[in-house]
Amino acid sequence: MKTRTRFWKASHIILLFILSLSFLFPLYWMLITSFKLEHENSLWPPTMWPEKFTLENYVSILAHPEDTPLFSWFKNSFIAAASYSVLSVIISLLAGYALARMTFWGRKLYLTLLLIALTIPGIILIIPSFIVVDFLGWTNSLKAIIFPALSGTFGVLLFYQFLSKFPKDLEEAAVIDGASNFRILISIIVPHTKPLMLTLLILNFMGNWNDYFWPFITLYSPSMRTMPVGMATLQGRFEHFYGIMTAGGVLMAVPSIILFILVQKYYIKAITLTGAIKE
Amino acid sequence: MARVSLKNVTKIFEGDVVAVKDASLDIADKEFMVIVGPSGCGKTTMLRMIAGLEDVTEGIIKIDDRVVNDIPPKNRDIAMVFQNYALYPHMTVFENMAFGLKLRKFPKEQIKERVQQAAGMLGIEQLLNRKPKALSGGQRQRVAVGRAIVRNPKAFLFDEPLSNLDAKLRVTTRAELKALHRRLNTTSIYVTHDQAEAMTLGDKICVMYNGIIQQVAEPMEVYDKPVNKFVAGFLGTPPMNFFDGQVQLRNGSDCFVIGSQEIQFASRIKNTLTRYRGKDMVLGIRPEHLTLVPPQGQSRNGIDCRVIVVEPLGDRKDVYMETARGDKFIANINPHIDIRVDQAVTMYMDAEKISIFEPGNTGKNVSLQG
């Protein structure tokens, strides 16, 4: 019996190891390619470790701001992703709270509409969204990649779901203690939804940071590009400079990785969250 | 300190569910009022309406002389202890107790002083830096009470605060709550389904059933003079025994006929019962008023039966019996009397303690009339 348990345990570990390897290998490959000289990329069999470490690829991206205004791209991406993710968390929390806890006319209808909206593929909305954004004169401005996406319903439903199960006693105790609705939200609910808020924050940040298609069609001047759109321009029409492309990729991945490391603890907590608050 | 009064209060929930119907109740200043009843009787809804957590559909609730129907809970100056304590899990005991004072913008020093004082009173000073999850059920209960008393409110509302404690702790905490009330002298309204809690804690008790207040009186009065069959059966462990029968004239005197057995009435109620002659009624007698020998100076009000279960409880024996007709009832007898299952015995009723009710769940106690 014991050997059998040990066997299963070992096979789990091996399986997890293989899985992690398959996730990590592309990242590893991106990282080492960015430090290789260009000619090394065409060698066969490929080298698993750079023959000679070089920062040339990074230098060629960073040293030519007129062709590759990386700092502008980075700044654009960061402003857009940060504003979008923070705003979307605030809106989702407030809307989710209202839907879960307040009674108002049309609440059920609104909830149904939100659910229906969740089933509509985003790609269908690209053209109507573009027409609206263009009508508002927001094209080629960061507003185009911050505000339209705030209408997303996933976060609202996530908070609605969580807050519907939030113990009512706690809120009522706070009401008796003299707290207003807003105070209850800030002092009682927010501390319990922190993992959820941070998870949504990171998901939305990464989603916005990595988004390619929408920024590509709405932001057309080179200085207004975001990181993914900018990175795509590193790819030549007739030749590929893998070193430069991967160096760009590394620079683009760094903020997401740092953010993930910072909030990892909460991220895992939110995923394992059953929705129940334990006193 | 405050008077709380309800005048013809009704609460109807969505879907025409009547939770409380035309309830009128006066709670005097410094009084400990216990609202008791089975689950779903509307007692918690009534408390929540007093707290302001539920709207009143009809009627008036006053705290002192102010109508509070439209006043939000925070301005009613009441404190509430919830069934699950509702301690804020992310705050320490100190922060839990201080939260209400902080919101009311009390100076820091005063908050500290009040929390320390309340904690001292409840013996929880050493727990002030702990979070609720590191506390036992009893400790949480104290913190919840502490959170209520630091605010020094006009009235305390308790919503079954002992129901999550084990039996032993419940008894000790019950005594502590009573002592605390004597010390603070704050008007308290306490909801429970446990009749022992109601009897021991209340200056007065209010028995509810089906959203309707059945009786409001001092505990012993409710026990001795229940206004109807429901109240009689709800209070007391084991509960009152009921026998269906008829008031009939036998040998020139009214008596209660259960099958082939006749029970004589005490002269106290004889005249009153004349008007029920020939009607189906219910006789009620508490287990402690049934004895194996007839009470002194009384006619022999015996009822023949067979013992089915004997429960020795140390201080008494609860004996379950059955008559030939199939009526089941319980008697408390001296624990040292030898009585066995299947033994045929005659149990005697104390005629002075008999109550006669109209039939039905809430049949009126007619023996209180006249």
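Reply:
**The aromatic cluster and its setting**

Phe35(A), Trp49(A), Phe53(A) and Tyr58(A) are linked into a cluster by ring pairs. Rings of Phe, Tyr and Trp (its six-membered ring) pair if their centres lie within 6.5 Å; planes under 30 degrees apart count as stacked, over 60 as edge-to-face and the rest as tilted. The model is predicted, so local features need pLDDT of at least 70 and side-chain atom pairs count only at pLDDT 80 or more, while totals for chains, interfaces and linings use all residues. Residues are numbered from 1 along each chain as its sequence is written, chains are lettered from A and ligands numbered from 1 in the order in which they are written, and side-chain values use heavy atoms, with hydrogens and water left out.

Over all chains, the structure holds 21 aromatic pairs. One of them joins Trp49(A) and Phe53(A), whose rings are 5.6 Å apart centre to centre with 75° between the planes, an edge-to-face arrangement. Trp49(A) counts as exposed because its relative accessibility is 53%, whereas Phe53(A), with a relative accessible area of 49%, is partly exposed. The rings of Phe74(A) and Phe78(A) are stacked, because their planes lie at 5° with the centres 6.5 Å apart. These two residues are separated by about one helical turn, because they stand four residues apart in helix α3 (residues 70–101) of chain A. Helices (H or I, at least four residues) and strands (E, at least two) are DSSP runs, numbered from the N terminus. Phe74(A) has a relative accessible area of 32% and is partly exposed; Phe78(A), at 40% relative accessibility, also counts as partly exposed.

Charged side chains also meet rings. A charge sits over a ring if NZ of Lys or CZ of Arg is within 6 Å of the ring centre and within 35 degrees of the ring normal. Lys36(A) lies over the face of Trp29(A), 4.3 Å from the ring centre. In chain B, Arg147(B) lies over the face of Tyr88(B), at 4.9 Å from the ring centre.

A nonpolar core is a set of buried Ala, Val, Leu, Ile, Met, Phe, Trp, Tyr and Cys residues joined through side-chain atoms within 4.5 Å. In the largest such core, of 66 residues, Ile188(A), Leu25(B), Ile35(B) and Met46(B) have the most contacts inside it. Helix α9 (residues 181–210) of chain A gives this core its largest share, eight residues. Another core lies apart from it, with 46 residues that include Val81(B), Ile124(B), Val231(B) and Phe234(B).

Chain B has nine helices and 20 strands, and 52% of its 370 residues are buried. Its C-alpha atoms fill a box of roughly 80 × 45 × 40 Å along the principal axes. An automatic or database domain assignment supplies the domain bounds, and for chain B it gives domain 1 (4–234) and domain 2 (241–368). The C-alpha centres of these domains lie 38 Å apart. Eleven residues from domain 1 of chain B and twelve residues from domain 2 of chain B take part in the contact. The area buried between them is about 1,100 Å², with carbon and sulfur atoms giving 56%; buried area is the accessible area (1.4 Å probe) that two parts lose on being put together, summed over both. Of the area that domain 1 of chain B buries against domain 2 of chain B, Tyr223(B), Lys229(B) and Ala232(B) supply 51%, more than any other three residues.

Some backbone details remain. Most residues other than glycine have a negative phi, and most peptide bonds are trans. A cis peptide bond joins Trp44(A) and Pro45(A), with omega about -5°; Pro45(A) is in the loop between α1 (2–34) and α2 (56–62) of chain A. Thr237(B) and Pro238(B) are likewise joined by a cis peptide bond, with omega about -10°, and Pro238(B) is in the loop between α8 (229–234) and β11 (241–250) of chain B. Asn140(A), not a glycine, has a positive phi of about 60°.

Note on methods. Buried < 20%, exposed > 50% of the residue type's maximum accessible area, 1.4 Å probe, protein only. Contact = heavy atoms within 4.5 Å.
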